[in-house]
Structure formats: structure tokens, C-alpha cells
Amino acid sequence: MTANPFDLSGRRAMVTGANTGIGQGIAVSLARAGAEIVAVGRSSMDDTAAMITEVGGTMHAVMADLGKPREAADMLGRVWDEIGALDILINNAGIIRRGDAIDFSEDDWDDVLDVNLKTAFMLCQALARRALDAKRPAKIVNIASMLSFQGGIRIASYTASKSGLAGITRLLANEWAPLGINVNAIAPGYIATNNTAILRKDEERSADIMKRIPAARWGEPEDLGGAAVYLSSDAANYVHGVILPVDGGWLAR
Ligand code: NAP
């Protein structure tokens, strides 16, 4: 173990959906802890690159549509061959579609499950195959949700995807813990990003949500950084299959 078990110097971390929101916050936090970042997504990574440079880090931008699970897995293989071995995978990219369950469309089901669950699983698998072949340890952190614990409303496919992601995190931990791969998840509470813009615009919903948050504020993307560094580091070597809420106390209520 390194002198500082939270030090990520010399580690390479892939972060999906790193151009904005939680993924950007996590990418910058990992870079600040010393990791080299491979930022993956479908939009410009320039803002994230500038933030990472500011904290003295290094970032590679990789363009990929994570709505195509098999292509995503191939992309990880290419990154491994062309940029180098990955020590850390943060499965962060995700989408949400809202609608009453009674009218929910098949497309809104499939699109969300593809990005949030199938691609996340296939990236875990692609990383584990490479890491095991190379006899290297690895850390995987999946970004779950309060909807990994609760039912929610009008977000059927999102709840299915995030409950599924929590289940898959535990399953993979059971299979891969003895092989040196840690699989854990972070469950963010209500964080101010594009994902929650509609909720924050709805004054009534927003007030209801605020009333239940013991910390008495919405979370910011940087609030997830500490948990992500911890679960990506040697400090978490004996931590497997945990779904760690970072929610301002929401679930304690
Ligand atoms: P966000 O700002 O909407 O970020 C979502 C990220 O995923 C963006 O980088 C987005 O890229 C990327 N993405 C989505 N579909 C993609 C695709 N097909 N190909 C490539 N990239 C794709 O929302 P966020 O809140 O930061 O969400 C990040 C993660 O946290 C998600 O998994 C979300 O479910 C989870 N989460 C969020 C909250 C919250 O309160 N905000 C709470 C719990 C969990 P573009 O910018 O190009 O669309």
C-alpha cells in the first residue's frame, strides 16, 4: 500500500460522461488525487480538460456514443491498447426519461436501460477481461442513485436501470473480489446538474425535495469527489459490493 492510501498517482482512470455534471466533478477530483484521466463521452471535453489542467492533472478525451453497449466495450479495449492499462473505471454516463408508467414508451425504456445498465455492465466486463489477462488489480465505481433504493415516480426505466446497477454491482463484487477487482457504487442524492434541471425548475417539487434533505441544500458535483477517490484508491482495498449514498442524509430521513 502507498504511504497515503488515498493517493492515485500513477493510476489511470476512465470516467464516462466526464464533460459535465457528476462525471466532470469526479474526473477533476480523481485528477487532483493524482490519477491520469481518460474522459469518455459524446460532447466536447474541453471544459473538463481545462479544469484538470488547473489542478495539475493530465486528461485524454475519447469520443464515444455510450448508447451502443458493444461499441462502448470495444472502445475500452482500444483505450487500453492505445493509451494504456486502466486501473479505475467510473461508470457515470446516464440518462433519464420521464413519463407515467401507463404510457411509458418502449424507446424510453430501451434507451435508458442501454446507457445506464447494459453499457455500464459491458464496460465492467471489458475492463475485467483486460485486467485479469494482464494480472492487474482494478477498481470499478458505478454511479447508482436514490432510485437504487426507492421507487421514484414517472421514471420507470431509470428506476429499473439504477436498481439493476446496484444488483449488478453486488453480483460483480461476489464474482471478482477474489480476483483483485473491487466493484462498488456511489448513490448520489439530489445533485444540481442537467439531469435534475426539470425538478429544480418545478418550484413545488423542488421545495418538497429540499424539505427532506437534512443537509438543507442540493448537492454539487464536487460533493461526490471524496467518495469516488476513496472507492478508487487503496484505502478501499477490502471494500466490495457497497452502494455508498452521498445524499446529504436523504436516506437517513
Ligand atoms: P448530466 O449532467 O445529464 O450528465 C450525464 C452524462 O452522461 C453527460 O456527460 C452525458 O453526455 C453523458 N451521456 C448520456 N448519454 C450518453 C451517451 N449515449 N453517450 C455518451 N455520453 C452520454 O447528469 P448527472 O447528474 O451529472 O448524471 C451523471 C450520473 O449520475 C448519471 O448516471 C445519473 O443517473 C447519476 N445520478 C444523478 C443524480 C442527480 O441528482 N443529478 C442523482 C443520482 C444519480 P452529454 O452531456 O453529451 O449528454
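## Contacts around Q24

Contact here means heavy atoms within 4.5 Å. By that rule, and leaving aside residues up to four places away in sequence, Q24 touches G17, A18, N19, D47, T48 and M51. Q24 is found in helix 1, residues 21–32; helices (H or I, at least four residues) and strands (E, at least two) are DSSP runs, numbered from the N terminus. With a relative accessible area of 14%, Q24 is buried, where buried means under 20% relative accessible area, exposed over 50%, and partly exposed in between (1.4 Å probe, protein chains only).

## About the model

This is a predicted model, in which local features need pLDDT of at least 70 and side-chain atom pairs count only at pLDDT 80 or more, while totals for chains, interfaces and linings use all residues. Residues are numbered from 1 along each chain as its sequence is written, and side-chain values use heavy atoms, with hydrogens and water left out.

## Salt bridges

Side chains of opposite charge can pair when their charged atoms come close. A salt bridge is a side-chain nitrogen of Lys or Arg within 4 Å of a carboxyl oxygen of Asp or Glu, and the count by this rule comes to 10. Let's walk through some of them.

Which residue does R11 pair with? Its partner is D234, at 3.1 Å from N to O. This pair links distant parts of the chain, 223 residues apart: R11 sits in the segment before strand 1 (12–16), and D234 in the loop between helix 8 (225–232) and strand 7 (243–246). D234 counts as buried, at 11% relative accessibility.

## From strand to strand, and helix to helix

E36 and R12 also meet through their side chains, in a salt bridge of 2.9 Å, N to O. Because E36 lies in strand 2 (residues 36–41) and R12 in strand 1, the pair ties together parts that are 24 residues apart in sequence. E36 is partly exposed at 23% relative accessible area, whereas R12, at 18%, counts as buried.

In another salt bridge, the closest N and O atoms of D81 and R130 are 2.7 Å apart. Here the link runs between helix 3 (residues 69–82), which holds D81, and helix 4 (residues 106–133), which holds R130, with the two residues 49 apart. Are these two buried or exposed? D81 is exposed, with a relative accessible area of 55%, and R130 is partly exposed at 27%.

## A salt-bridge network

Finally, a network of salt bridges links R97, D108 and D111.
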